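I opened this notebook to record what I looked up in one structure. The entries follow the order in which I consulted it.

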Amino acid sequence: MPALLNGLLGAAALLWLWERGGAERLAGALLVLLPLNALQVFAFGHAVIERQMVAGMVLRLGITLALLHAAGRRSAEASQLARERFERLTEHSHQGVAVIRGEQMLYANPALLRIYGLASLQEVRTLWREATMPEAERAAGRERHRRLVAGESEREDWSGLRYRFDGTPIRLRFSAWRVEWDGGAAEQVIVTDETVQHDATAALLHQATHDELTGLPNRSALLARLRELCAVDAGFALLLLDVDRFKLFNEAHGPSLGDEVLRALAARLAETLRGEAETMRLGEDEFALLAPAEDPERAAHALAQHVRTLLGQPLALPGQEFFLDVSMGVSLHPAHGRGAEALLRAANAAMHEAKSVPGTSLQFAEERFERGSGVTLLAEQALRAGLRDEQFSLVYQPKVEVRSAARPPLLVGFEALVRWDHPVSGRMSPLEFVPASERTGMVRALGALILERACAQLSRWRADYGHAVPVAVNVSPLQLLDPGFVDEVLALLARHGVPPALLSLEITESVAVTHMEQARGRIARFRAHGIDVALDDFGTGFSSLNMLRSLPLRTVKIDRSLVEPLPAPDATAVVKAICDLATTLDLYVIAEGVETPAQSEALRAAGCTVMQGYLYARPLAPAEAARWLDRAGGDGAPGVIRLRR
C-alpha cells in the first residue's frame, strides 16, 4: 500500500514537473521510478534487496542532481532577467548611470557616455578618474567609493567640476549607493549634467556685477569688495576717478565716440594697473581703483602717479587721438572709516573737491576723516552710558507676503531694528553707532540687549493676542562666533517662553566667508533647535552661491541694491535666477528695500512673494506693530503665523 501511494504521488509530481521542461522532467521521471524500485522486494523476494537499495540510492542522487541543475538554471535566468530590466530602465534615461568597482567602470549607460563624450564603455574601463576628475578631488573620490562598497555609508551626494574626455569642463551632480554586481559589491552612480544651468546662473550674476560697456566690475561689485576687506580689517586705498568735462566731450563728438573713449580708458587702466589695483567702472565717466596694501597712503600716491603717467599719453582711437584729465579722490581704510558706504562717500566727496583744481588732480579725504573722527569719538564715549541707561529701543519693519496685486499683503514677520534715543542728539540710526560698538567690543552687549528686547516683545504679543509672527534680529560676527552664543539664545527663549520658531537670526556674508567652518557649526545648532538663520544682503558678494550650498541656511534676503533697479529686464533676470536657485535648494526668499509697485510686481513675477520696504511700511514702534499683528490674527486663531513661500 505505501509503495502504491508513493507511486501515485510520483505520478502527480511528474505531471507538475513535466510542464517546466529540462531537468525538471528528469526529476519527475525518477520520482515515479523510486516507488517502482521498492516493488522489487515484493516481486522477487529478499534476494534482490541489496540491488533494490543500490538502485534507490542512485535514483535519489539523480533526483537531487536534476533539481540542483534546475535551480541553478532558474537562478541564472532570473539574474539575466534582472540585468535586462536594469538595462532597459537605464538605456533610455537622460541621467548618466554607471557601476564602478575600484578603478574599473563595469557599466555605463548611453547618457553617461554622452555626458563624458565617449562612443563606448571600452574607451574608459580604467583610468576614468584621472581623465575626468580634478586631481585635488581624486583621493576624496576613492575614499567615498571605499565607504560605499564597505557599507559604511548608505548614500553619498556631491557635485562639482569635471571634464569631458576632450578636456571640456562640465558641472555635474552625483548620487551613489552600494549595489551587488556580478557576485561582488560595487558602487552605482547617477550623474546629472547641470552645466547649462550653472553657466546661465553664472552669466546672470556676472551681468549683475559687471559694467556692460567696459566689462569691468560695477558699483555693486565695488561695495561687495569693500565689505569683504572691511570685514577682515584689511588696509587698502580707494581712489575714485572722474573724467573732467566729459559731458562737453559727448556734446562735441557724440555719445558713440564717448563710449569708445570710455572703453579705451577702461582697457588702459586695467592693463596698466594689473597686479597693483582692481579697476571698476561705477557709471558714466566715473571709475574706481581699489588697492589692498599695508601702507594705504603710499599705495594711493603710487596709483595717482600711475594714472598721471598713463594720461600723459593720448588715447588712440582709429584715426583720432584724445587727451584726458581726471579728478581723483582718495579714502583710506581704516584711517577714513571702517564701513564700505562711509569710505565710498568720503572718496566721492574728495573727488568733487579735486574738481576745483585744474588738470589731473588728487585730493585725500582729510576733511571727512576729521569730521568722521569726531562723530566716532562721540559715539564711543557715549555708547557705554547709553547701554547702561537703556537708551536703546527697537522698531519693527513688517515682512509681508504679496500673492497678487488684487489681494492685500499678508503679514508674515517683522525685522527688529535698533535705534539709539540719545538724550542730546536725538534718535540715531545704527550707521552712526554700530561701527563704534564693533570697534570697542560693545557689540556683544548691544546684541544681547536687542535679543532680550525682541524676545520680551514676542512674549507680550503672545500674551496679549494669543499669537505672534517670527521676528528677525541681525547678529554681528562677534556674536555668531562666540562659542556660548547658541546656549545664550536658547536660555533667553526659554526664560521668556518664546517658541524657537518665532525667532530668526540674520547674518552677513562676510562672517561666513571669513569663518566658514565655525559659522556652519553655529547655524547647524540653531537649525537643530528650530531657529531660522537667514543670509542677509544676498547678491552683493562673490561667494554667495558657494555659501548657499555649504551652510545649513533656511532663508536668503535679496539685497536692496538688486531690488532698486527693478523692473529693468537685466535686474529682473538676476532676481529670477536667485529665486530659481533658492527653490532648488529649498530656501525661502525675502526681498528688502521694496519702495515702488513696479518693484513689487517684478519681484512677484520673478518668484519672490515675501517683501519688506517703504512701499508697505516703514519701521514701526511696538504699538503700531501690534496693530498690524492684531489685524493679521483677526480670526482669533491662536498659534504662530509661519513664514510661507
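I began with the surroundings of Q612: setting aside neighbours within four places in sequence, I found Q612 in contact with Q397, P398, K399, E415, K557, I590, A591, E592, G593 and V594. Contact here means heavy atoms within 4.5 Å. I note that this is a predicted model, in which local features need pLDDT of at least 70 and side-chain atom pairs count only at pLDDT 80 or more, while totals for chains, interfaces and linings use all residues. Residues are numbered from 1 along each chain as its sequence is written, and side-chain values use heavy atoms, with hydrogens and water left out.

I placed Q612 in strand β22 (residues 610-612); helices (H or I, at least four residues) and strands (E, at least two) are DSSP runs, numbered from the N terminus. Is Q612 buried or exposed? I found Q612 buried, with a relative accessible area of 1%. Buried means under 20% relative accessible area, exposed over 50%, and partly exposed in between (1.4 Å probe, protein chains only). I also recorded a polar contact of 3.1 Å between the side chains of Q612 and Q397 (a pair of N or O atoms within 3.5 Å; within protein, one must be able to donate a hydrogen and the other to accept it, and residues adjacent in sequence count only if both atoms are side-chain atoms).

Next I turned to the rings and noted 10 aromatic pairs in the structure. Rings of Phe, Tyr and Trp (its six-membered ring) pair if their centres lie within 6.5 Å; planes under 30 degrees apart count as stacked, over 60 as edge-to-face and the rest as tilted. Y116 is buried at 10% relative accessible area, whereas F165 is partly exposed at 31%.

For Y396 and F414 I noted ring centres 6.1 Å apart and planes at 75°, so the pair is edge-to-face. Y396 belongs to strand β13 (residues 392-401) and F414 to strand β14 (residues 410-422), so the pair ties together parts 18 residues apart in sequence. I found Y396 buried at 1% relative accessibility and F414 buried at 0%.

Finally, I recorded that ring pairs link F246, F249 and F322 into a cluster.
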